Structure formats: structure tokens, C-alpha cells
Amino acid sequence: MDQNPQKPRDDASDKAAPRPVEEPYRYPTASESPREQRTTHSPSHTHSISRSEPSPIEKPFVSWSGSDRNRDVSDSPIARSHSAQQPPPQDRQLPTPTRSVGSLSHLSLSDPFSLMNETEAHLFRHYVQHLGVCLDLTDPLRNFELVVPQRATMSPTLLKAIFAIAARHLSQTSDYDPLASNRYHDECLGYLIPMLDNSFTVSDENLFAATIILRMLEEMDASSGQDNHGHLLGIHAFVNVGDQIMLPGSLSAASYWVGLRQEIYSAMSTQAPVKIRLDHFIVDRSFEPTDDYSWSNRAVVNLADVLNFCFSETAQPNSRWTYLNDQCTRWDETRPPSFEPFYFREQGVADAFPQIWYHSSCHVVGVQHHILAQLLLAQFDPAIPRVGTKRAAAVKAIAKRVDYLMRQICGIGSCNQWTPPALFTASMGIAMFGDQFENRSDQEAMLDVLKKTETNHARPTKAIQQQLMRVWGWMTDYEHG
């Protein structure tokens, strides 16, 4: 018999006790972690990259005058509370963090894994094995696959975001409970929303990563033209606050690159400029030797610049098109030879697309974003005569180039389905340029890409399929099929 019985619990005092907060995350020093300074290798270059020595970048061209598909991010609670803290764009230096990040807003979980039942453990594993890898396309440190799950075991916001995205993906690719994701999403927002007025929220990289994951879920839920961009606004607030948390290799930097790709998808689907800032220290527009992941990010940034040119509401000078086209050409000419596919075969008589095989996701995403930039530049070439006898020849030449580039991006998507974003990025190209294809077999091949993107990877493409079939004159076949 227990000789020292526990004192009866005082419920009132328990309720009044403050919630414990998560222990601060401390960045490891260079002596503690090889990630602080890494040496990377490409087939033709060896280049040391240090966080303390950022490459100089050219001041980007960013259009803020595009269509207001969302409310102004400056009006958000996070942006308002930090508007006075924005550093001037000139004379910036790479910041040294003065406080820990990832430590501001979460309950401390003394025994985190005990909060998972078997169902949630399956969701956690599904995220790690199938979804985190889709976010780490240009991150050699694989933050969303490796760091986020570790942080999530001590961060309810991240943990609920992981459960929500895994449940949504499973419900759209199998017979999993379609309502489970909604419950976890609501619980995640229950942690997240009260913290939006916290003046240090934008320094919390766990919240930044959770917002990225919730945006991925939002993309899965969205139909073409019906995306409310709710979580994209949250990403804008984290990105636009400044360089304070954008240290190379950090979870915040990884979140920036994922957020930029998510913003590019939104900008392409709405035909609007990119709203995310493109002047952070981690953004590099140079052509100096570096690792393959950085080369892919350069292609992503160039596509963002191209979108800002093409969809700006103010007239852009022809010289800007020339500069962007030169950037594409130089990327093609100076990228490492590792970006060449290890297998290539031209399409045969019965094939719509060539066979193009890569061994790394970073090569797939880099080349596909580069192709999207080329497609847009071809379509918006200011040298195309508006009238006159030379217009027909110019239009024919552009159509031929679009045909070639579209077969390339679809071939990459079809042949590299082991990395789901390959199909997803190909679908972006089809949504923009698929209407220009008149051959039935080509149209069927593109529809197959769209259907696989939705069925296998939970990215909605049904609205795009219907729009294309209407343009192609297929609707009768579709309605009876």
C-alpha cells in the first residue's frame, strides 16, 4: 500500500498555470555540424559554399502592380506588426540571428510520441515517405523530409499540419476517410491563428514550414480558378518580412524555395505576377560554379522574373525581354553537364513525347522550370509583328518552338514519375499551352499526364481537362465517356 499518497489535484490551479513553451532551437556552430560549411561537387566544378560569404546578387525586377488576386499582404496581422522592422534594401549585410527561431509558439511535448496513436503514426510515416520528399526538390539537406518530422515531435502545429496533409493525400489517392484531414487542419489552425498577432511570429521557422505544408494541402483541394490562396498569404508574410531568418541551409531558407515554387504555380494559373520578394540573400542570379541544387534554384528564380515580365499590368521595355532571354540562354550554356539526362530517345511514330530520364529530382525541377520560362518568353516575344506580311512566318516559328518545348517538358514528366512534381510541373505547361495542339494522339497523351497527376498525386486537374477538351472539340466524347 502506498505510504505516501499523492496530494489531490487542484483543478483550478492547473487551469491557471501557464502553458509551457517549446525549448528554443539553437543553431549548431561550425565545429558542431558539417552543415554549417559544406563542400559540394559537380562533374566539372568543386566549390565551397559558406553561409558567411553570400554571393552578390543583382537587384531584381519585381512588378507589384499585377492583378490583385489576393488581398494586399501588407494588410495581414504579421506584416503590419513588422512593417517598421523592414531593413532598407540598400546596404544590407547577411544577418546574424540574435534569437533562436522555431521556439515561439508551441506547447512543449514532454513525451511527444505518446500523442500518436497507430492511425496517426501511419499518417506521420506517409508524410515522411511520400510527401516530404516532394518539397525537398532543390534542398540537399532535405529539411522537409528530415528536419520537419524531428521538429514536429515537439511542435503541435507542425505535427497537426503533417497529419492533415498526409490524410488529405491518402483520401484523394485511396479510400481513406475524407474528413480526417479537415479535423487535423482545424486543430492546426487552432494553434496557428492565435499566434498571428505575436510580434515574433515571423521569426518562427516551424510556423513557416507548417504554413508551407498547409499551402500544399490547399493546392490539393483547389480546382482551377477556385483557389482562395489563403495560406499563400501567410507565406507572403513570412517571406516578405526580411532576411532575418533566411540563413542558407536553414529550414526557413528551405521553406522560402518551396514557397516560391508554390507562388509560381499560383501566378501561372491566374496569369499574374509573382508577389513573393525575390531580393533575399539566398537568391542567386549569377552563373558562377556551384552545386546542382543552386543551379535549379537559379532556374526557378528566372521563371519568377519571366512571370513578372509577362503578366505585369504596366508596359515592360523590350530590353527586359532580351535580358531574360539571355538569362535562359546563359543558364543553358553554363549549367553543369550533370543536367544532361542519362537516357534520351526521340519520340517514335507512335509516341507523343521523347524519352528523357534523370536520376535526381533537382535536375528534373530545374530543367522543367527552365523550359516553362522559355515557353513564356516565346509566347510573349515582343519581336513578333502584330500585322504585316512577316507575321505569319513569325507565328509559325513560335508555334514550332512551343511544340518542341512542350514535348520536352511532358516527356520529362512522363519518364520521371518516381518524383511526383515532374508530372505536376508538366501539367502546368499543359494548362498554359495544351490548347495549341491539334493532333488527337497528342491531346490524348496530354490528358493522360493530367489524369495521372490527379489520380496518383492528388493534384486537381479535372477543370483543366474539361477546358482543354472544350477547346479541342471533345466535350461530346467526354460527356459520354
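1. Phe342, Tyr343 and Trp357 together make up one aromatic cluster, where rings of Phe, Tyr and Trp (its six-membered ring) pair if their centres lie within 6.5 Å. This is a predicted model, in which local features need pLDDT of at least 70 and side-chain atom pairs count only at pLDDT 80 or more, while totals for chains, interfaces and linings use all residues. Residues are numbered from 1 along each chain as its sequence is written, and side-chain values use heavy atoms, with hydrogens and water left out.

2. For the chain as a whole, the secondary structure comes to 17 helices and four strands, the helices (H or I, at least four residues) and strands (E, at least two) being DSSP runs numbered from the N terminus. Of the 481 residues, 53% count as buried, where buried means under 20% relative accessible area, exposed over 50% and partly exposed in between (1.4 Å probe, protein chains only). Among contacts (heavy atoms within 4.5 Å) between residues at least 6 apart in sequence, 74% join residues at least 24 apart.

3. The largest nonpolar core has 114 residues, of which Tyr127, Phe144, Ile213, Leu260, Ile264 and Met406 touch the most other members; such a core is a set of buried Ala, Val, Leu, Ile, Met, Phe, Trp, Tyr and Cys residues joined through side-chain atoms within 4.5 Å. Helix α9 gives the largest share of this core, eleven residues. Because domain 1 (115–220 + 248–257) and domain 2 (341–474) both give residues to this core, it lies between them; the domain bounds come from an automatic or database domain assignment. Leaving aside residues up to four places away in sequence, Tyr127 touches several residues, including Phe144, Val148, Ile162 and Ile213.

4. The count of aromatic pairs comes to eight. Phe311 and Phe380 form an edge-to-face pair, because their ring centres are 5.6 Å apart and their planes stand at 85°; planes under 30 degrees apart count as stacked, over 60 as edge-to-face and the rest as tilted. Phe311 lies in the loop between α10 (292–310) and α11 (318–334), and Phe380 in the loop between α12 (361–379) and α13 (391–415), so the pair ties together parts that are 69 residues apart in sequence. Phe311 is buried at a relative accessible area of 10%, whereas Phe380, at 31%, counts as partly exposed.

5. Trp331 and Phe339 also form an edge-to-face aromatic pair, with 5.5 Å from centre to centre and 75° between the planes. Trp331 is buried, with a relative accessible area of 3%, and Phe339 counts as buried at 1%.

6. Two arginines are placed over tryptophan rings, a charge being taken to sit over a ring if NZ of Lys or CZ of Arg is within 6 Å of the ring centre and within 35 degrees of the ring normal. Arg298 lies over the face of Trp295, at 4.5 Å from the ring centre, and the charged end of Arg440 sits over the ring of Trp474, 3.6 Å from its centre.

7. Which helix holds Glu263, and is this residue buried or exposed? Glu263 lies in helix α9 (residues 251–270) and counts as buried, at 0% relative accessibility. The C-alpha atoms of Glu263 and Val274, eleven residues apart along the chain, are separated by 6.4 Å.

8. Pro156 is found in helix α5 (residues 156–173), and at 5% relative accessibility Pro156 counts as buried. Between the C-alpha atoms of Pro156 and Tyr191, 35 residues apart along the chain, the separation is 7.6 Å.
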